[in-house]
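Here's a quick briefing to read with the model open beside you.

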Amino acid sequence: MTASLVAAALFLSDVTDVAAQDYAKYSQEALEKELVQTATARSSVMVRMRDGVALSTDIYMPKNTKGALPTILWKTPYNEGKLKGATLRYVLESVKRGYTFIVQNERGRYFSGGKWEILGNPHTDGYDTLSWIAGQTWSNGKVGTLGCSSSAEWQLALAGLNHPAHAAMVPMAAGAGIGKVGRFQEQGNWYTGGVPRNLFFVWLYGVDNPLRAELPASIVDEKLRARIEAYNDLDPGKPKVDWNKQIKHLPVDGLLSSLGEPPSTFEQFIKRTPGDPGWRQGGLYHDDMGWGVPALWFNSWYDVSIGPNLELFNHARAASTDKEASANQYAVVAPVPHCQFAKLGPDTTVGERAMGDTSFDVDGAVFGWFDRWLKGNARAFPANTPRVRYFEMGANRWQSASQWPPEKARPMRLYLRSGGKANSLHGDGRLSAEPPTQAEAADRYRYDPMNPVQTIGGGDCCNGGIVVPGAFDQRQVEARTDVLVYTSDPLPTPVSVAGFVDAVLNVSSSAKDTDFSVKLVDVAPDGTAWIIGDTILRARYRNGFDKPAMLTPGEVVTIRPTPIATAIQFGAGHRIRVEVSSSNFPKFVRNLNTGGPNESEKVGVVADNAVHHDAGNQSYIELPVLR
């Protein structure tokens, strides 16, 4: 995804005899000079895959070191030909700690040969690269994979293969590598609840380059290739796009072609449905693939895919294919957006909300993990380390648990209630622990896809600036009459929620198909309405992503949107709020309400939608409350 990647987490601390430096005070020139003094570098090593395609690989090894060393592999679709910034600092720290550090470009990216595919062919290229590393005289046969976002996502399918050299992994913000796991079937974050997410469309414009230039495969001399790479840059200079304007383009499947882009990955994916068998053909991890590698997971509450990440953590722990691997799964969940672990510190603000002291020794955890599995130093990452360490927002403190959700979590239902006028912040919607026992008027609103509800914050990433992730005040959204707002009374004592938040809604529509969006909000005593998380479901997929069914206008049906994952303490005097609407744009593609092939249509219809909550059609949220 974003180029911030792993290095955001990698100012590494004292878990061996080497203490991490404060690299921020050094210039790029000084760091490059130190790297020359510290490491032996081999650039543009072409590592050949089983089909003959060669991948451009840079190798950094400690100077004056004898014997075989463990290796950390960072595989990426991004331009790392010239080390700079955080990547350069990370290479230095790794080499000082006695690791060989490898950066490899995915197939079809920059100076690597072949045709690019999302996730870089982990079943073949990832496996073959591990075999190549393990076979080198400078390798001790143990490889750790490391990365954030795109550099993490490919690791998941590789872990399902259980390569003998794959000793450990640190996947950070890896949700776009997950196809289907448990209750989540997002197909690499392409969807949430069957609704396409716009972020990938923007990301593909920047990354996918079907018109890329390539070096002739006949140039095999390593020194010559290294010189060519040093003198040239294959980074494409695509025209800048005003994404706030372009993201509104209809039909959706013409979003990139209208910019002059030739057909490529976007056109292939946008034609699919969530249950399309094509999602099984790439590098996504699916929960029938097994699990074979000890993992230290880093995730964050305001990332795009925190739910699937935690579901996969649980799946890896429960998998029976490799008992040692399943017994060694650990997770850290921070309050920051996608791959922003470097922002953890004594005074952290996420979006516009102060989170207090979020300091966490990411440094020590990452290298302690690798020292344990790649160097055999059991003391570096003790076995009694908590399985889950998570930041509880609101209380603004780190907590630990032996599982996710925490073992003390118990379900608490809050029912959506009103007198039929829950429209907007000024309506009569309320959340109540008491279920309805008699008839109650439904809450009705009109959804116009040409005037969608605006996204303000929440979990997102990599979208050209169309959505800024984090905690932001939702009162601007809640002023709209096409947003239903349900709010609890002020809480007499704090309520801590940690786990998966489920919503069950009984709904109807005048349209053949529409979406229903749900948002969880923490309302402070001064009225500020902080977004905690959101979700959405395309109504046609209410019976399953492989069982689309249109709505019968006016008929009441039950929907269960994808769960929201979070850890939040609603403080004393705060109120719990739920918003329901039918759009959350530009985070999610608008439903045009026709019941047709939504992403190839240009003209929508207005839908009259309703949420029902009488005795026979209860609608509620279920919160995992720590008791």
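Let's start with two helices: helix 3 (residues 122–134) and helix 4 (residues 150–161) pack at an angle of about 75°, with their axes 9 Å apart. That makes helix 3 roughly perpendicular to helix 4 (65 to 115 degrees counts as roughly perpendicular). This is a predicted model, where local features need pLDDT of at least 70 and side-chain atom pairs count only at pLDDT 80 or more, while totals for chains, interfaces and linings use all residues. Residues are numbered from 1 along each chain as its sequence is written, and side-chain values use heavy atoms, leaving out hydrogens and water.

**The helix pair**
- On the helix 3 side, the contact uses Pro-122, His-123, Gly-126, Tyr-127 and Leu-130; contact here means heavy atoms within 4.5 Å.
- Their partners in helix 4 are Trp-154, Ala-157, Leu-158 and Leu-161.
- By class, the residues of this contact come out as seven nonpolar, two polar and no charged (Ala, Val, Leu, Ile, Met, Phe, Trp, Tyr, Cys and Pro count as nonpolar, Asp, Glu, Lys and Arg as charged, and the others, Gly among them, as polar).

**Cavities**
- There are eight cavities of 30 Å³ or more in the structure; a cavity is a set of points on a 1 Å grid over the protein atoms alone where a 1.4 Å probe fits but cannot get out.
- The largest cavity has a volume of about 230 Å³, and a volume is the space filled by probe spheres set on the points.
- It's lined by 23 residues, with Asp-303, Val-304, Ile-306, Gly-307 and Asp-534 the closest to its centre (lining residues have an atom within 4 Å of a point).
- Helix 9 (306–318), strand 24 (529–538) and strand 26 (564–570) are the elements that give two or more residues to that lining, and strand 24 gives the most, with four.
- The lining of the largest cavity has ten nonpolar, eight polar and five charged residues.

- Most residues other than glycine have a negative phi, and most peptide bonds are trans.
- The Trp-404 to Pro-405 bond is cis, with omega near -5°, and Pro-405 sits in the loop between strand 17 (397–401) and strand 18 (409–417).
- Phe-585 to Pro-586 is also a cis bond, with omega near 20°.
- Asn-189 isn't a glycine, yet has a positive phi of about 65°; Asn-189 is buried, at 1% relative accessible area (buried means under 20%, with a 1.4 Å probe and protein chains only).
- Ser-424 has a positive phi too, near 75°, and counts as buried at 6% relative accessibility.

Definitions and conventions. Axes are lines fitted to C-alpha atoms, for helices over the stretch in contact, and angles run from 0 to 180 degrees between N-to-C directions. Angles under 35 degrees count as roughly parallel, over 145 as roughly antiparallel, 65 to 115 as roughly perpendicular and the rest as oblique. On a 1 Å grid over the protein atoms alone, a cavity is a set of points where a 1.4 Å probe fits but cannot get out, and a pocket is an open set with protein on both sides within 12 Å along at least five of seven lines; lining residues have an atom within 4 Å of a point. Buried means under 20% relative accessible area, exposed over 50%, partly exposed in between (1.4 Å probe, protein chains only).
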